[in-house]
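Morning, everyone. Let's walk through one structure together. Please have the viewer open.

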Amino acid sequence: MNANSIFTPGLVAAQQPTWPDAAAVKAAVTELESFPPLVFAGECDNLKKRIGEAALGNAFWLQGGDCAETFVAATADSIRNRIKTILQMAAVLQYFSSLPVVKVGRMAGQFAKPRSNDNETRDGQTLPAYRGDAVNDLEFTKEARTPDPKRLVRVYNTSSATLNLVRAFTQGGFADLRQVHSWNKGFAADARFSARYEEMANEIGRAIQFMQSAGVDPESFKSVDFYSSHEALILEYEKALTRIDSRTNNPYDVSAHFVWIGERTRQLDGAHMDFASKIHNPIGVKLGPKSTPEEALAIIKKLNPDNEPGRLTFITRMGAGVIREKLPALIDAVTKSGAIVLWVCDPMHGNTYEAPSGYKTRKFDDVIDEVKGFFEVHKKLGTHPGGIHIELTGDDVTECVGGGEAISHEDLSSRYESACDPRLNHTQSLELAFLVAEMLRDRRK
C-alpha cells in the first residue's frame, strides 16, 4: 500500500510555501520517498506508552529545543549543548518530583515555521517571509527568500545527522547518570543555580554509589530514551516520509517520533488534521486562548476516537495574563468527557512581545507565571499538570529578558542569535527547571 493513498485529496493546507517550480517539488518528494526512515514505528509506540503514563499522572513530559533549527547551527557543539541542557533539566525535575521524565527534543526536524504574513517589506522592497530553512533563507534578498524545494532534502540529511549524534550522546555513555556532574562543565552558568545543581549532583552520585556498593547497577542509569519532535507543517515533507509499518500495516510519519499540529493549521476540515488523523504516531495539538471546549472535544473525536492512552497531547499556549481564566473550561470539558490526554504547558508562545530596540523577546517572569497558572488550574481541578514545552538553547544567548542573569532590553543585542523567536538560554532553562521541580514536588504533598 502506498502511504500517500491514505490521505484525503483536495483539502486546504494552511501555511504552505508558494513553490515556484512544481516539477522541482515533485523531484524533491520522489527523492524523499526513496530514503530510509529517520525513526522507527516501534520507537513511536514506545513513546506513546510513556505519554500514556504521563497522562495518567505517573510521569512528566519535558520537551525543549530551538524555535527554528537552522542548517548552519546543526553543529556537534550546538547539539550537545541542547542535549546537556535538557538532561540537566530532566535530572532536576526527576530528582525533586520522584517522577520519571519523558525527554523530547524539539530538534532533528524543526526547520519550518508558520508566519503571520506571506511577505515581508523592508525599505520599500517586498519579499517572501522567512518560513524556516526548510523553505528559504533568512537573508533578505530575492534569491535567498525564493522557496526552494531542494531544501526539503537538506532537512532530511541534516535531521539524519542530528539524530545520529543524539543517539550517540544518549546511548553511548554521555547520558549516564554518573556523568551528571560533567553535564555542568563548559557552561558559563549563574553561580546560584550552578551551585544548587552541583549539590543535587552530589546527592545523586552518593545514591548511585550506595546502590553500586549493594550490587545494584541498573542499565537504565547508563543511557536515556530521547525522542525527536517537530511541528508537522510542510505536508510535502511529512507525507513523503510516511511509511507503512511492516509489523502492523499501519502508517507512521517516520520524520520524528512525535509531531504536533499548530494553532494556525488545526482546522478540523483541513489537510493537516486529516494527515494527523491517519498516522499512528503520538500527536500533539496546540491550543491557544481562543480555543473552546467544543473545539477541544472535536479534536479528540477526530484524532483519538478510540481514546487510546498516549495518542493525543494538548499543548496549551495561553499567555500568562489569561491562562487562569481560559484553561479551566478546556480541562474541565475534556475530563468530563472521559478522554485521556496529556496536558502540556507551552509558556513561550503566548508571551512574546517587541522590545523598544525592535527585538522579539519574552519576559522570564511571564514564562514562570504561565507555568504557575498551569499548575494552579490543574491543582484546583484535581488533574495532572503533565509537562512543559520550552524553546531553549544550550548557549549563553541574550534573547529573553530577566532571570537570574537579569538580562535587560539593552542586553538583547549582545548575543541575539535566534532565526525566529526568542529562546531561554542555558541558565534560564536550569532556573526554570528548579522552579517547576518545586511546583511538582509541592503538588504531590
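Helix H5 first. It covers residues 150-171, so count 22 residues by the DSSP runs. From first C-alpha to last it reaches 32 Å, close to the 32 Å expected at 1.5 Å a residue. Keep in mind that this is a predicted model.

What are the buried residues of H5? Arg-151, Leu-152, Val-153, Val-155, Tyr-156, Thr-158, Ser-159, Thr-162, Leu-163, Val-166, Phe-169 and Thr-170. They pack against helix H1 (22-33), H3, strand S5 (226-231) and helix H7 (235-240). After H5 comes Gly-173, with a positive phi near 110°.

Now the site. The UniProt record, an unreviewed entry, places a "binding site" feature at Cys-67, His-349, Glu-391 and Asp-421. These residues span 355 residues in sequence, yet no two of their C-alpha atoms are more than 9.9 Å apart, so they gather at one spot. His-349 and Asp-421 are included in the lining of the largest pocket.

Take Cys-67. It sits in the loop between strand S1 (60-65) and helix H3 (76-97). Its relative accessibility is 0%, so Cys-67 counts as buried. Beyond its neighbours within four places in sequence, Cys-67 is in contact with Arg-106, Gln-110, Lys-113, Glu-391, Ser-418, Cys-420, Asp-421 and Arg-423.

Next, Glu-391. Find it in strand S14, residues 387-391. Glu-391 also has a relative accessible area of 0%, so it is buried. Setting aside its neighbours within four places, its contacts include Cys-67, His-349 and Asp-421 from the annotated set. Arg-106 is another contact of Glu-391. There, the two side chains make a polar contact at 2.9 Å.

On to charges. How many salt bridges does a search of the whole structure find? The search finds 30. One of them pairs Arg-362 with Glu-391, with the closest N and O atoms 2.7 Å apart. That pair links distant parts of the chain: Arg-362 is in strand S13 (residues 360-362), Glu-391 in strand S14, 29 residues apart. Both partners, Arg-362 and Glu-391, are buried.

Another bridge joins Glu-417 to Arg-415, closest N and O atoms 2.9 Å apart. Glu-417 is partly exposed, at 42% relative accessibility. Arg-415 is partly exposed too, at 34%. Then there is a network. Salt bridges with shared partners join Arg-106, Lys-113, Lys-360, Arg-362, Glu-391 and Asp-421.

Last one: Asp-245 bridges to Arg-247, with the closest N and O atoms 2.8 Å apart. Asp-245 has 10% relative accessibility, so it counts as buried.

Note on methods: Residues numbered from 1 in each chain as written. Predicted model: local features only at pLDDT ≥ 70, side-chain atom pairs only at ≥ 80, totals over all residues. Heavy atoms only, no water. UniProt positions renumbered as here; feature names shortened; annotations may be inferred. 1 Å grid on protein atoms, 1.4 Å probe; cavity = no way out; pocket = protein on both sides within 12 Å on 5 of 7 lines; lining within 4 Å. Helix = DSSP H or I, 4+ residues; strand = E, 2+ residues; numbered from the N terminus. Buried < 20%, exposed > 50% of the residue type's maximum accessible area, 1.4 Å probe, protein only. Contact = heavy atoms within 4.5 Å. Polar contact = N/O pair within 3.5 Å; in protein donor to acceptor, adjacent residues only side chain to side chain. Expected span 1.5 Å × (residues − 1). Salt bridge = Lys/Arg side-chain N within 4 Å of Asp/Glu carboxyl O.
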